[in-house]
Amino acid sequence: MNHGSEPTPRVSVIVVNYNAGPLLADCVSAVLGSDLPVELIVSDNGSHDASLERLAPMTDDTRLTVIENGENLGFAKANNRALPLARAEYLLFLNPDCLVDGDTLTRMADFMDRRPDVGMAGCLVLNPDGSEQVACRRSIPDPWIALKRILHLDRLLPGGGGRTLNHQKDPLPTEPVEVEAISGSFMFVRRHALDEVGPLDEGYFLHCEDLDWFVRFHRAGWKVALVPDARVVHHKGACSTARPLAVERHKHRGMERFFRKFQYASYPRPFSLLVILGIRAHLLLKTLILGPRAWRVRRGTE
């Protein structure tokens, strides 16, 4: 693709698609309608629905590039495959079921210009009904947070029993704030920081690669921030609802990889082994719960 006559994009947007259906075209249209120079790279993981075909009316737009990977490489690897094509100083890693406002990317880029200490930022992520999405601003999970969630102790203990995972019930800040973690559906990244920290860890297939990245950014001295006056609507789960058992397997494998990588050595070995056993037991429980329903869906009886 020849970019010679085009302005250098201020933001390179990378979208990994896997059977996102009509939402992909809506996502692409919204990004290309942004009020600043952008380029958009769609990295497709072997979709077998009509999502890519729906992009046909937009393929004449030289700002759009489609990479067809031919198979499902996973979220991290598909994002990383698009990186060599991205030319801008700022990169947005965006889910295909997200719809940005026209000024969202401008607001994010302007904030990053003012804050050179911030390596990654998220915006206000909304559900389709306009409510704040659960993972918009959150803490890095640890075994205590996980145990509270599994046993629902966060609902029973005063103040949630200390650190909680999600903070959507807290008052929404009126100014940008530093946070431990943002939503992986919208990660606005400074290229210099990415070059220093490194790309997404391809050892994750789906889930927890974003948490891994947040920890690595923090450890490298980069701040992670939430910009509440920029927004995106996220139609959560468009690419993963068809195979709930596979999603749960990838999620729990990601949880175990994350714990082993960043937290295992911080606890006594017997406790860490117990945490890993708990992750695997929780996956077994989920499989027992979801298995019969998944079988009914495959047979078309539900």
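User: Which helix does Asn80 lie in?

Analyst: Helices here are DSSP runs of H or I with at least four residues, strands are E runs of at least two, and both are numbered from the N terminus. Asn80 lies in helix H2, which covers residues 75-82. This is a predicted model, where local features need pLDDT of at least 70, side-chain atom pairs count only at pLDDT 80 or more, and totals for chains, interfaces and linings use all residues. Residues are numbered from 1 along each chain as its sequence is written, and side-chain values use heavy atoms, with hydrogens and water left out.

User: Is Asn80 buried or exposed?

Analyst: Buried means under 20% relative accessible area, exposed over 50%, and partly exposed in between (1.4 Å probe, protein chains only). Asn80 has a relative accessible area of 11%, so Asn80 is buried.

User: What is Asn80 in contact with, leaving aside its neighbours within four places in sequence?

Analyst: Contact means heavy atoms within 4.5 Å. With those neighbours set aside, Asn80 touches Pro199, Leu200 and Glu202. For Leu200 there's a detail to look up: the Asn80 side chain reaches the backbone oxygen of Leu200 at 2.9 Å.

User: How many residues of H2 are buried?

Analyst: H2 is mostly covered, with 6 of its 8 residues buried. Among them are Phe75, Ala76 and Ala78, along with Asn80.

User: What covers the buried residues of H2?

Analyst: The cover includes strands S1 (11-17), S2 (38-44), S3 (64-68), S4 (90-94) and S10 (186-190), plus helix H7 (209-219).

Terms used. A polar contact is a pair of N or O atoms within 3.5 Å; within protein, one must be able to donate a hydrogen and the other to accept it, and residues adjacent in sequence count only if both atoms are side-chain atoms.
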